[in-house]
Amino acid sequence: MKRRWRSERFRRWLDRRVPPAAALALSHRNVFILPSAAGWVFALLLIAMLLTAINYQNSLVYALTFWLVSMSLASMWLTFRNLAGLHLRAGHAESCFAGERVFLPLRLSVKSGCRAGLLAGFPGDPVEQTTVVPGVSQDIRIPLTTRERGVLRPRRIKLTTRYPFGLFTAWSWVALEYPVVIYPRPEHLPLRLSSGAEDPEGESARGVGSDPEFSGIRDYRPGDSMKLIAWKHSAASDSLKSKEYETEEGGTCWLDWEALTGESTEYRLSVLTSWVLQAEEAGIRYGLSLPDVVIEPSRGEQHQTQCLRTLALWEGR
Amino acid sequence: MAELSPSVPPRGLLLLALALTGALIPHVSYLPGWLYVLSLLVVGWRTLVWLGRVRFPGKIVRGTAVVLATIAIVESSGRQMSLEAAGAFLVAAALLKVLEVSRRRDAVVLIYLVFFLQAAGFLFHQGIEDAAIGLVTIFLAVAAMVAVQASGAQGLPSGLPVLKPALSVMLVSIPFMLVLYFLFPRFAPLWSVALQSEKTLTALAEQMAPGDIASLSQSSGLAFRVTFERGQPQRSELYWRAMILDHYDGRTWRDSGKDRESSPARPAGDARFQYEVILEPTGQRYLPSLVGAGSDEGRIRRTDAGLLRHRSPVYQKLRYVVGSTGMAVTADLDDEALHRYLHLPEGMNPRSVEWASEFTQDLSAQEFAEKLALHFSSNAYFYTLKPSRYGRNDIDEFLFEGRRGFCAHYASATAFVARAVGIPARVVTGYQGGEWHPDGYLTVRQYDAHAWVELWDGERWLVFDPTAAVSPLRIEHGLERAVEEEGTFLTDQPLSPLRFRGIDWLNRLRLEMESLNYYWNRWVLSYDGRRQNEFLRNWLGLKDFAEGLYVLAGSIAVMFGLAMLVLWWRQREEADRPLVSAWKLLRERCESLGVEAPEGLTLGQLLALIATRLPALHSEAMELRHAVDQTLYAGAGDENLLARKLRRFALRIRPGAEATAAGNINKRPI
């Protein structure tokens, strides 16, 4: 309990000190440094060498020991510098389903000096190692195992380095904002029809993958992709506008929240997610009916995304 | 974090192999032969692993190898722990570690071993050339460290420099290393180390039988160097006393061990000579000094006979400062001592005893010395390094038949006859003379080893060197001139540069090298507590060590401050790029008006947002946006000019801007 409180307090402190942002430059504010395990062993080695120098009254051993001491202090600075000055920018991550691994793109760049032996990763997930040279942006994708649907609230990325000597570990807890939506985990249940009006087997619409058509400008909605924002129109009016695309009309079925009465909310959302996927796969036009939200039947990638996002972000009941 | 220790890149392996080889060089002189076989096996195996022919040895093979190596070391060192055995153990450990180096962790362990091996190597060899090799080794090891740390799952990124960062770290670290080196307190050994080198050190023997000094005479090894701080003795005064041999058993002279040591005696206030000696390791306790010596160093004892001895045997180069009066101190001899200095074994050398009885009974020591000197110089005695072989009554045979010998023979015979006459006498061994270097210091070599006699005249000990009577050249010009005709100088060392002193440029070169070595010894190898105090006092103007500690702390603080300054400077540079700061200003201004600008917006998007939210600035914002596109993406236009424009624009975004926007339309007369 106490530990949890403490880690919570640490998180809040960290949030104040290193606030989340889409881009970040590392500096002494957000880089921490401590001797690594190898560094402690090295310290023991230096003590042994110093004792040798004292007991044998050997000037050369003194000189060697002091040189290594001096070098390890310099390496502390170099290890710190290997992180400091690094610019990080969150890339655009593709949505995935809860339980899958989302790959969060991270673009690293640096103005001067090579940055070698950089390790980036989330605690518990695999770590990516990379090297950044000046003038070239380095893109890496950091895997993160997702747990729940909704807007991804990633924990902080741990960026670590031990370069050049491995005697010190410098690290930073990087909080980058990834505006990515994690869809509910699909729970496979064969698709049933709730309205009963149309028989999906009888549908003949096979125009899967037809190109979306530009249909107009609408108000910006939270979650709209940056690509969708119509900057020219936004500039002309006093609010952000998005471009809207539609596919051609076809046969319809409804994926209905009420069809799953008696189940838990998350289970219902998971099954609906699976149905969206099945319907899209089958090329059926489908609409989504949730309490408070109704999405008119349509199909196509755009429509599927809209349905999945709605399911992911649904907060009612 | 799941993090598998990455494998060692080939470049790292190569550097590591070179560093290990370098670290082995100082150990080569004593390693047992089988270790070379082991190293070949290990290198062969590791190479085959690298080529993919065989796999890394398993646990059983490695375990067996460790056990076998340990046994072999214990056996080959004669079951005695010596420095050499410990060194061999370290070397074997490093070599066996090579067999397992595949991942970063193993490499790190091996690099640490290389550092320690190099430090241990400095215990064996400390010349300039050894230090230079050590420097290269350390550089390679540091570079290997960098290579090992920089490599990831895909190996070492190509084009990533390894040698350069290693070199720059080493260079950057030099100032602080020097601060530590000069200011770190030089403690006395914390405990006496049991591990000492079993290497046979060249030293004076504790006993003297005919022939002993002659073996030293064939060695051009350095015995010690002396720098005179006060006084400049004549060559004939340079009798470096090291040991007193007062017991004669009919064959050899040895130290009876009855010469008591007392606490350190300060040199007399009227010491004529003040000098600093840097003594090469001898493995013995004696410290050569001129007659009438004293020292105020706590680790130096003085015996009743006026000899200086170190607290413990000298295994490392030792530096000490002595003051000498040049005169033996007056003293009393008790009965026991008188008896000891007059003792002769019964029935030995009867002819000498008989000859002694011909001397007047109440002869003074001075008269005896003069008589004997006359005897040696007026009869056909020869100074030679190739004396005849003498039998059981060797002094008889030498004095009356062979008449050929070197210092040991003359000293031995003189002391014997003196005792037979009734004058207390003892043999002194040590060094005589030395070579004055043009830089003003004296180099004493092993071939300067000498033996002479001290006679008791009732008040003090009188120095008498019978060799001087036979061969004045030996005293005035050294051994080389004394045996010039004979051609026996350094016959065992045909290539010794000391044999070619006649060739001028070669001799100058030799003197230059000696000079280099001298300063190396004086300033690097023998930098001890005393020298440190001198340094603090004379160069830094510090009175005592406490002040030195303040300087140490101060220099750490200054270096830390400098590093911080550099860091701050770098950050400042980044912030100072005009376009970036203008951008920041723009963003701040927007936020002060409550226009939220998400973090990821580009400059163009930010301007578009401003145009949307602040209609009064709409046209200007759109114009600037165009300029941004032109400058940043089309590459047409000056970035700094754009930054200035942006800055000017940003300053116009102020609380009035919104109101103006609304006011333009609904302007009401007041």
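Biologist: Which residue in β7(B) stands opposite Val226(B)?
Modeller: Val226(B) stands opposite Val277(B) of β7(B), in a predicted model where local features need pLDDT of at least 70, side-chain atom pairs count only at pLDDT 80 or more, and totals for chains, interfaces and linings use all residues. Residues are numbered from 1 along each chain as its sequence is written, while chains are lettered from A and ligands numbered from 1 in the order in which they are written.

Biologist: How many bridges join β2(B) to β7(B)?
Modeller: Six bridges join strand β2 (residues 222-230) of chain B to β7(B), and the two run antiparallel; strands are DSSP runs of E with at least two residues, helices are H or I runs of at least four, both numbered from the N terminus, and two strands pair if DSSP finds at least two bridges between them.

Biologist: Switching topic, how many residues does each chain give to the contact?
Modeller: Chain A gives 57 residues and chain B gives 56, where contact requires C-beta atoms, placed from the backbone, to lie within 7 Å.

Biologist: And which element gives the most on the side of chain A?
Modeller: That is α3(A), with 17 residues on the side of chain A that touches chain B.

Note on methods
Contact = placed C-beta atoms within 7 Å.
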